[in-house]
Amino acid sequence: SVFVPNVEDSDEVLKIIQTYITPVVFYPYNKQYFDNALRFLVDDYKVAKALHNTSYKITQKDNRKLVIKVLVYLPPRGPISFTPVSNEVREKMIEAMATRYNPSTKSLDLSRFYACSLFTDNQLFVPLNRPAVLLAALNIVAQHTKHDLYGLSLENNHIYLGEGLIWIRRLFPELKVLDLAGNRFSDLKELRCLSGYTIEVLNLSRNPVCDTEDKERYKRDVQQFFPMLTKLVSVLCIILYHLYAKY
């Protein structure tokens, strides 16, 4: 979460910041401007660090230094809002998924979905870590595939709550490969809604929940949730093989 106070022209300030931190490129998601203050989100640690290091180094037209405050952003846990996504967002989601679906393997790659150029070029914020957005995406996929999906990748979408995942199970009962790598799951309890799901390959690598000293207990607990599991992988290439190789 980035906060820039004392801003007269938000678009001009963003251009100045981008010029200063080049070659680092950033996209200001969920941009808001009011009370002469600019707020937005970024999705990359390197970008956040570059912005943090830029604070007080840019002089504005009124000779004041540009202040850039970077904070860790984690949406609060609370009741799930299922407010429908706008028609514009839905149309762009459909367009994006058309390029990410592999019909030969019945697999869909939604990794870093929010960073798709179809969204960023139109200043649309489409985060799958919001259950309502994830549900909208899954419904689109279900309609297109008639609920017949073999592999699904949700890698690197900053997902940290398990509530929205229940729809994966309900909409795709035959799913075999699920890639949740690079998200923000810190407790296996977040996956409880998927308990008993008959997936065979699961990737939880690069989630905080994997940072445990008792690896055997971790594997055992995961296996209890997913009795049909044959691979609990931590290497991305294995998941990619299952997602995109013909079976």
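**Figure 1. Lining of the largest cavity, by residue class.** The lining of the largest cavity comprises 6 nonpolar, 2 polar and 2 charged residues. The structure shown is a predicted model. The residues that line this cavity are L128, N129, R130, P131, L134, I159, L161, E163, G164 and L165. The volume of the largest cavity is about 40 Å³. With a threshold of 30 Å³ or more, the count is 1 cavity.

**Figure 2. The largest nonpolar core and its contributing elements.** This core holds 48 residues, of which M93, L152, L154, I168 and F172 touch the most other members. Two or more residues each are supplied by α3 (87–98), α4 (117–120), α5 (131–145), α6 (166–171) and α7 (215–225). The greatest contribution is that of α5, which gives 8 residues to the core.

Figure 3. When neighbours within four places in sequence are left aside, M93 is in contact with F113, F119, V126, V133, A136, A137 and I140.

**Figure 4. Strand β3 and its pairing with β1.** Strand β3 spans residues 37–41 and is mostly covered, 4 of its 5 residues being buried. Strand β1, residues 2–4, runs antiparallel to β3, and 3 bridges join the two strands. In one of the residue pairs, V4 has L38 of β3 as its bridge partner. In a regular strand, side chains alternate between the two faces of the sheet.

Figure 5. Not counting residues up to four places away in sequence, Q60 touches N6, K65 and L66.

**Figure 6. Overall context for the close-up views.** The secondary structure of the protein comprises 8 helices and 10 strands. Of its 247 residues, 47% count as buried. Among contacts in the protein with a separation of 6 or more, 68% are between residues 24 or more positions apart.

Technical notes:
Residues are numbered from 1 along each chain as its sequence is written. This is a predicted model: local features need pLDDT of at least 70, side-chain atom pairs count only at pLDDT 80 or more; totals for chains, interfaces and linings use all residues. Side-chain values use heavy atoms; hydrogens and water are left out. On a 1 Å grid over the protein atoms alone, a cavity is a set of points where a 1.4 Å probe fits but cannot get out, and a pocket is an open set with protein on both sides within 12 Å along at least five of seven lines; lining residues have an atom within 4 Å of a point. Grid points are joined across faces, edges and corners, and a volume is the space filled by probe spheres set on the points. Ala, Val, Leu, Ile, Met, Phe, Trp, Tyr, Cys and Pro count as nonpolar, Asp, Glu, Lys and Arg as charged, and the others, Gly among them, as polar. A nonpolar core is a set of buried Ala, Val, Leu, Ile, Met, Phe, Trp, Tyr and Cys residues joined through side-chain atoms within 4.5 Å. Buried means under 20% relative accessible area, exposed over 50%, partly exposed in between (1.4 Å probe, protein chains only). Contact means heavy atoms within 4.5 Å. Two strands pair if DSSP finds at least two bridges between them.
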